[in-house]
Amino acid sequence: MFAEETNGLVKIEIGERRLSLNMDSDMIYYSLADRTYRRTRMNDIIELRYANGKREARVLEEHEKPGIVSAFYHDVELASLQYPELKKYVKDYNFLASRGNGLRRIYGGRIPIVPPDRYFSLYIKISEGCPWNRCSFCNLYKDRKYMPLKMDQIKKETEELKAFFRNSMMAMNGIFLGDANATSMNSHDLEEILMYLKEEFSMPFYAFSDAFTTPLKNTDFQKLHDLGMKRIYIGIESGNPDILRMLNKKMDLDVARDFIGKIRDAGINVGLIVMSGFGEEHVKSTTNFLDSIEYSRGDIVYISPVKEYGNFHEILLNNGIQEDKGIAIKEYEEIRGSLRSGLKIPVVVYSLDEAMY
Ligand code: SF4
């Protein structure tokens, strides 16, 4: 058996079982022999496992969660027999459920998504929703209207989050500025917010942006870089204009390329997100687009297999495309394979099933 408390985190090993939790007692990971459970901050539990050489992710049903959580804290209790200082971390399912609800109250609702490398960042909502909100494949923010938050709302949220993560803030690896397009707000307001947050946390900033509404603004990326912006994640989806039309993404690829260059010239890294599962032409043109960007250390390319929902199913059918996990994974491997030889940056999967905060 092994246990350590370090930098806001607690790590425990009991035989093959690996546990990690933060110093506010929130379960993070629970790895058993053949599967791992990741708890999102909103209290969903995602089961990850490898079956037939493929990674599979599944969000547990409500009724499945208490059993996993009980086993987790039972193991924490077991470890506390040898390491008595761990006793204070022993909790139960109700505790975690109330932590999830508490966080939802602070944010005023669920946080639908973050990039996969940002699960361990502190999410600070500085704007609500998406200013475009009309892409045919995306239902992430359909339930809310776009609205930049006011400084006093952000200050209140920040204070509440600091209290919420009072023992584990040091385990956070950055600040993710929510929601879908934090860089789209008025430049002066954004800079003022970053100055305030920089004083409060001194951690790097990360945010999503689109490459069609934001390029029209006069965002000063050099200033954002100087204030601590580390990486901006941009949904490119496809290098094929016909697919972009189907996705109702009003993006001009040349404008997007210039926009990415502008961000990179300011010294900010990019995380480019493309989709897979739309056929050969899509694979070819998307690979060409990604190949046309100059990358540097700290940039990432994400490939997100297509996922249907409601209306998007009809749109795909009308375009002769069907959601097929096998094809999406094959295309993911093709895009990744053709990029990998030339690129020295990570090219990784972005699974919507796993991307919850
Ligand atoms: S721009 Fe992004 S968040 Fe907004 S609708 Fe399109 S995919 Fe969704």
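Q: Which residue in E5 is the bridge partner of Tyr30?
A: In this predicted model, strand E4 (residues 27–31) and strand E5 (residues 35–39) run antiparallel, joined by three bridges. Looking across to E5 from Tyr30, the bridge partner is Tyr37.

Q: How many residues lie between E4 and E5 in their hairpin?
A: E4 covers residues 27–31, and E5 covers residues 35–39. The two strands form a hairpin, and the number of residues between them is three.

Q: Which residue in the hairpin of E5 and E6 takes a positive phi?
A: Let's follow E5 to its other partner, strand E6 (residues 45–51), with which it pairs in the antiparallel sense over five bridges. Along this pairing, Arg35 stands opposite Arg49, and Arg39 stands opposite Ile45. The hairpin has five residues between its strands, and the one with a phi near 75 degrees is Asn43.

Q: Which are the edge strands of the open sheet with antiparallel pairing?
A: E4, E5 and E6 belong to an open sheet of seven strands in the order E1-E2-E3-E4-E5-E6-E7. An edge strand pairs on one side only, and here those strands are E1 (2–6) and E7 (54–59).

Q: At about what angle to E2 does helix H1 run?
A: Helix H1 (residues 65–82) lies across E1, E2, E3, E4, E5 and E6. Its direction relative to E2 (9–14) is given by an angle of about 85 degrees.

Q: By how many degrees are neighbouring strands of the parallel sheet turned against each other on average?
A: This open sheet has seven strands in the order E8-E11-E12-E13-E14-E15-E16. Its edge strands are E8 (122–125) and E16 (347–349).

Q: Which residue in E16 stands opposite Val301?
A: Strand E15 (residues 300–305) runs parallel to E16, and three bridges join them. Opposite Val301 stands Val347.

Q: Are H2 and H3 roughly parallel or roughly antiparallel?
A: The axes of helix H2 (residues 93–107) and helix H3 (residues 151–164) come within 10 Å and cross at roughly 165 degrees. Angles over 145 degrees count as roughly antiparallel. Therefore H2 and H3 are roughly antiparallel.

Q: How many residues of the contact of H2 with H3 are nonpolar?
A: From H2 come Gly102, Leu103 and Ile106, which meet Glu157, Glu160, Leu161 and Phe164 in H3. Of the residues in this contact, two are charged, one is polar, and the number of nonpolar ones is four.

Q: How many residues around the ligand are charged?
A: The residues surrounding the ligand include Cys130, Trp132, Asn133, Cys135, Cys138, Leu140, Tyr141, Ala180 and Gly235, along with Arg134 and Asp210. The shell holds seven nonpolar residues and two polar ones, while the number of charged residues is two.

Q: Which two residues are joined by the cis peptide bond with omega near 0 degrees?
A: One of them lies in the loop between strand E11 (175–178) and helix H4 (187–201). The cis bond runs from Gly178 to Asp179.

Q: What is the phi of Glu237?
A: Glu237 has its place in strand E13 (residues 229–237). Its phi is positive, in a residue other than glycine, and the value is near 70 degrees.

Terms used. Residues are numbered from 1 along each chain as its sequence is written. This is a predicted model: local features need pLDDT of at least 70, side-chain atom pairs count only at pLDDT 80 or more; totals for chains, interfaces and linings use all residues. Axes are lines fitted to C-alpha atoms, for helices over the stretch in contact, and angles run from 0 to 180 degrees between N-to-C directions. Helices (H or I, at least four residues) and strands (E, at least two) are DSSP runs, numbered from the N terminus. Angles under 35 degrees count as roughly parallel, over 145 as roughly antiparallel, 65 to 115 as roughly perpendicular and the rest as oblique. Two residues are in contact if their C-beta atoms, placed from the backbone, lie within 7 Å. Ala, Val, Leu, Ile, Met, Phe, Trp, Tyr, Cys and Pro count as nonpolar, Asp, Glu, Lys and Arg as charged, and the others, Gly among them, as polar. A residue is near a molecule or strand if its C-beta atom, placed from the backbone, lies within 6 Å of it. Two strands pair if DSSP finds at least two bridges between them.
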